Amino acid sequence: MKAHLTVNGLRLLAHGRWPEPGDTELPRLPGFTDSPFNPLVVAAADRCLHAWGGELPGRTGLLLASLSGDLGTARAINEAAGSSRRVPPLLFFQSNPNAVLGHLAARWHLTGPVVATSPPAAAPGEVPPDAFELASLLLADDDADQLLVIAAEQAGPADPGRAVAVLVTPAT
């Protein structure tokens with residue numbers, strides 16, 4: 001849905017989240033394995049960009065905020081490293097949060113800056129205030145016309161977690 005709210009001096013253009021009522025399973029994400037984190041990020045981002053419903057004008061940057069990060073991949077690397085098994089190389093690729101942001105940038109033809117951060121506090125399903133502050137700074141640098149801000153937190157092995165994505169631009 002298109003919205004025109006203002007938050008922290010930013011105009012909210014669209015939003016999306018995962019899960020929504022009726023969601024039972026995250027969509028698979030080719031190239032990313034073992035962890036629901038990256039599919040969680042992509043599901044929320046895709047919903048937000050589909051809600052926008054059109055071509056994005058100018059340069060769109062990406063900002064991922066997650067206090068916990070990709071717990072599933074970290075757990076898989078830790079388990080493999082602690083055993084006599086070889087750590088699958090794909091786990092190292094996807095353990096970098098910029099990998100999923102690069103995937104989104106390529107998929108949606110986004111050409112702005114790509115930033116991943118860990119805020120000091122985060123509530124599942126909400127964009128932390130620090131992320132809005134950083135988004136304001138990135139937009140003020142004039143490297144992007146709008147930013148896709150994604151907040152994602154994993155809940156545990158049986159629960160893939162919550163994510164929200166908002167497309168923002170300067171309010172003025």
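Is the crossing of helix 1 and helix 4 left-handed or right-handed? I looked, and it is right-handed (the near helix is turned clockwise from the far one by less than a right angle).

Ground rules first. I am working on a predicted model, where local features need pLDDT of at least 70, side-chain atom pairs count only at pLDDT 80 or more, and totals for chains, interfaces and linings use all residues. Residues are numbered from 1 along each chain as its sequence is written, and side-chain values use heavy atoms, without hydrogens and water.

Helix pair. I got an angle of about 30° for helix 1 and helix 4, with axes 10 Å apart (lines fitted to C-alpha atoms over the stretch in contact, angles from 0 to 180 degrees between N-to-C directions). The two are therefore roughly parallel (under 35 degrees). Helices here are DSSP runs of H or I, at least four residues, and strands are E runs of at least two, numbered from the N terminus. Among the residues making the contact (heavy atoms within 4.5 Å) I noted Val 41 and Leu 49 of helix 1 and Leu 104 and Trp 108 of helix 4.

Core. I then checked the largest nonpolar core, which has 32 residues (buried Ala, Val, Leu, Ile, Met, Phe, Trp, Tyr and Cys joined through side-chain atoms within 4.5 Å; buried is under 20% relative accessible area, 1.4 Å probe, protein chains only). Val 41, Leu 104 and Leu 167 are among those with the most contacts inside it. Helix 1 gives the most to this core, 11 residues.

Ser 66. I found Ser 66 in the loop between strand 3 (60-65) and helix 2 (71-81). Ser 66 is buried, at 7% relative accessible area.

Technical notes. Buried < 20%, exposed > 50% of the residue type's maximum accessible area, 1.4 Å probe, protein only. Parallel < 35°, antiparallel > 145°, perpendicular 65-115°, else oblique.
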